[in-house]
Amino acid sequence: MVRRFLKGQNLEQVGRTDDAIVLYEEAVESRFDSTGPYDRLIALYGERAQHREVARVAEAALANVHTHDDKRAWYELMRDEAVKAANRVPQAAPRDRG
């Protein structure tokens, strides 16, 4: 999993962000116990205003990564801010075709 994370970083550096996200997501799905892929996904999804994804990844980090209290607090903050931001975004409504 470490190699896949490092490959994801390389892909991200050369502008292949979507491919990097796939590799980072694989690490999250496997419950990788390192902050790297979680941090990168939070940053990338945050840049794209994909708030629900930020909240999901931060929650996964809280469940899977054994880290210091300050880092756990940061994941909690990222999750909470993403949930608030997602709730502020208006939900799409069907168009009235009448």
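Select helix α2, residues 17-29. Its 13 residues should span 18 Å at 1.5 Å a residue, and the end C-alpha atoms are 18 Å apart, which agrees; the expected span is 1.5 Å times one less than the number of residues. Helices here are DSSP runs (H or I, at least four residues; strands are E, at least two), numbered from the N terminus.

The model is predicted: local features need pLDDT of at least 70, side-chain atom pairs count only at pLDDT 80 or more, and totals for chains, interfaces and linings use all residues. Residues are numbered from 1 along each chain as its sequence is written, and side-chain values use heavy atoms, with hydrogens and water left out.

Stay on α2 and display Ala-20, Ile-21, Leu-23, Tyr-24, Glu-25, Ala-27 and Val-28, which are buried. Buried means under 20% relative accessible area, exposed over 50%, and partly exposed in between (1.4 Å probe, protein chains only). Then move to Arg-31, which follows α2 and has a positive phi, near 60 degrees.

Next, select Asp-39 in helix α3. Is Asp-39 buried or exposed? Its relative accessibility is 18%, so Asp-39 counts as buried. Show also Lys-71, Trp-74 and Tyr-75, with which Asp-39 is in contact when its neighbours within four places in sequence are left aside. Contact means heavy atoms within 4.5 Å.

Now select α4 (residues 51-64) together with α5 (residues 69-88). These two helices pack at an angle of about 155 degrees, with their axes 8 Å apart. Axes are lines fitted to C-alpha atoms, for helices over the stretch in contact, and angles run from 0 to 180 degrees between N-to-C directions. The pair is therefore roughly antiparallel, the term for angles over 145 degrees.

To see the contact, colour His-51, Arg-52, Val-54, Ala-55, Ala-58, Glu-59, Ala-61 and Leu-62 in α4, which meet residues of α5 including Arg-72, Tyr-75, Met-78 and Ala-82. The contact residues divide into 11 nonpolar, one polar and five charged. Ala, Val, Leu, Ile, Met, Phe, Trp, Tyr, Cys and Pro count as nonpolar, Asp, Glu, Lys and Arg as charged, and the others, Gly among them, as polar.

Finally, display the whole chain. The protein has five helices and zero strands, and its C-alpha trace spans about 55 × 30 × 20 Å along the principal axes. Of its 98 residues, 36% count as buried.

Terms used:
Angles under 35 degrees count as roughly parallel, over 145 as roughly antiparallel, 65 to 115 as roughly perpendicular and the rest as oblique.
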